[in-house]
Amino acid sequence: SEKPELVLLDVMLPGEDGFSLAETMIEREIPVLFLTAEAANVAHLQSLFDLPCDALVHPFSPKQLMNAVENLLLLAQSLLRAGPLRLDTLHHRVTMAGEHLTLTAQEFALLEVLVKTPGAAVSRETLLRTAWGYQDLGETRTVDVHIQRLRRKLGKSCIETVYKTGYKLKMA
């Protein structure tokens, strides 16, 4: 499994602008924990980026730092990405190109399975087991109906039907 990454970044670095370094981390999709002396900066820093980031105000204890790091890593691990699609599995939120989408719990579970299997065709049976928790596989038409609903919300070309196999997420 991949090791999680995180950058601790003091906003007031000597000789270097902390914000320009943060932009580099964001481009690489690495979460940033900002360290700042100004409490007024916290909300501003958190709102700058479309990735997990947080801010901690000086002075702070080692325990506060460790808690902030753990929370940020948990949040970062709960975010799934596929092209312009973002899933926050911790808060059950979905955005497409920055726009919030409203999905049912079942649509979210189905999309989560597809996002976690990038480029792979997932069978209806696998979707029923993983997204629905079904053990006894009867009629699989329910998958098709939910896929149609997801296509209406995401765009028709986002989910491809793979003949005699299942479905595949197609996000550029």
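Visitor: Hi! Where do we start? Which strands form the open sheet, and in what order?

Guide: Let's start there, keeping in mind that the model is predicted. Three strands make up the open sheet, in the order β1-β2-β3, and their pairing is parallel.

Visitor: Which strands stand at the edges?

Guide: Those are β1 (7–10) and β3. Each has a single partner strand, so one side of each is left without a neighbour in the sheet.

Visitor: And how much are neighbouring strands turned against each other?

Guide: On average by 25 degrees, if you ignore direction.

Visitor: Can you zoom in on one pair? How many bridges are there between β1 and β2?

Guide: Four bridges link β1 with strand β2 (residues 32–36), in the parallel sense. If you want a landmark, find L8, which stands opposite L33 in β2.

Visitor: Which strands does α1 touch?

Guide: Helix α1 (residues 18–27) packs on the sheet and touches β1 and β2. The direction of α1 makes about 160 degrees with that of β1.

Visitor: What about α3, which strands does it lie across?

Guide: α3 lies across β1, β2 and β3. Relative to β2, α3 runs at about 150 degrees.

Visitor: Changing topic. Where is the cis peptide bond?

Guide: Look at H58 and P59, which are joined by a cis peptide bond with omega at about -15 degrees. P59 belongs to the loop between β3 (53–57) and α3 (62–77).

Visitor: Why point that out?

Guide: Most peptide bonds are trans.

Visitor: What's the phi of H92?

Guide: Near 55 degrees, a positive value, and H92 is not a glycine. Most residues other than glycine have a negative phi. You'll find H92 in the loop between β5 (85–88) and β6 (93–96).

Visitor: Is H92 buried or exposed?

Guide: Exposed, because its relative accessible area is 51% and the exposed class begins over 50%.

Visitor: What about A97, what is its phi?

Guide: A97 has a positive phi of about 55 degrees, although it isn't a glycine. This residue is in the loop between β6 and β7 (99–101). A97 is exposed as well, with a relative accessible area of 64%.

Visitor: On to the helices. At what angle do α4 and α5 pack?

Guide: Helix α4 (residues 105–116) and helix α5 (residues 124–132) pack at about 120 degrees, their axes 9 Å apart. That angle makes α4 and α5 oblique to each other, and their crossing is right-handed.

Visitor: Which residues meet there?

Guide: From α4 you have Q106, A109, L110, V113 and L114, and from α5 there are L127, T130, A131 and W132. By class, this contact of α4 with α5 has seven nonpolar, two polar and no charged residues.

Visitor: How are α4 and α6 placed, then?

Guide: α4 and helix α6 (residues 141–154) pack at about 85 degrees, with axes 10 Å apart. They are therefore roughly perpendicular to each other. On the α4 side the contact has Q106, E107, L110, L111 and L114, while α6 brings H146, I147, R149, L150, K153 and L154. The classes in this contact of α4 with α6 are six nonpolar, two polar and three charged.

Visitor: Last pair: at what angle do α5 and α6 cross?

Guide: At roughly 80 degrees, and their axes come within 9 Å. That makes α5 roughly perpendicular to α6. R124, L127, L128 and W132 in α5 meet T142, V143, D144 and H146 in α6. The contact of α5 with α6 divides into four nonpolar, two polar and two charged residues.

Methods. Residues are numbered from 1 along each chain as its sequence is written. This is a predicted model: local features need pLDDT of at least 70, side-chain atom pairs count only at pLDDT 80 or more; totals for chains, interfaces and linings use all residues. Side-chain values use heavy atoms; hydrogens and water are left out. Helices (H or I, at least four residues) and strands (E, at least two) are DSSP runs, numbered from the N terminus. Buried means under 20% relative accessible area, exposed over 50%, partly exposed in between (1.4 Å probe, protein chains only). Axes are lines fitted to C-alpha atoms, for helices over the stretch in contact, and angles run from 0 to 180 degrees between N-to-C directions. Angles under 35 degrees count as roughly parallel, over 145 as roughly antiparallel, 65 to 115 as roughly perpendicular and the rest as oblique. A crossing is left-handed if the near helix is turned anticlockwise from the far one by less than a right angle, and right-handed if clockwise. Contact means heavy atoms within 4.5 Å. Ala, Val, Leu, Ile, Met, Phe, Trp, Tyr, Cys and Pro count as nonpolar, Asp, Glu, Lys and Arg as charged, and the others, Gly among them, as polar. Two strands pair if DSSP finds at least two bridges between them.
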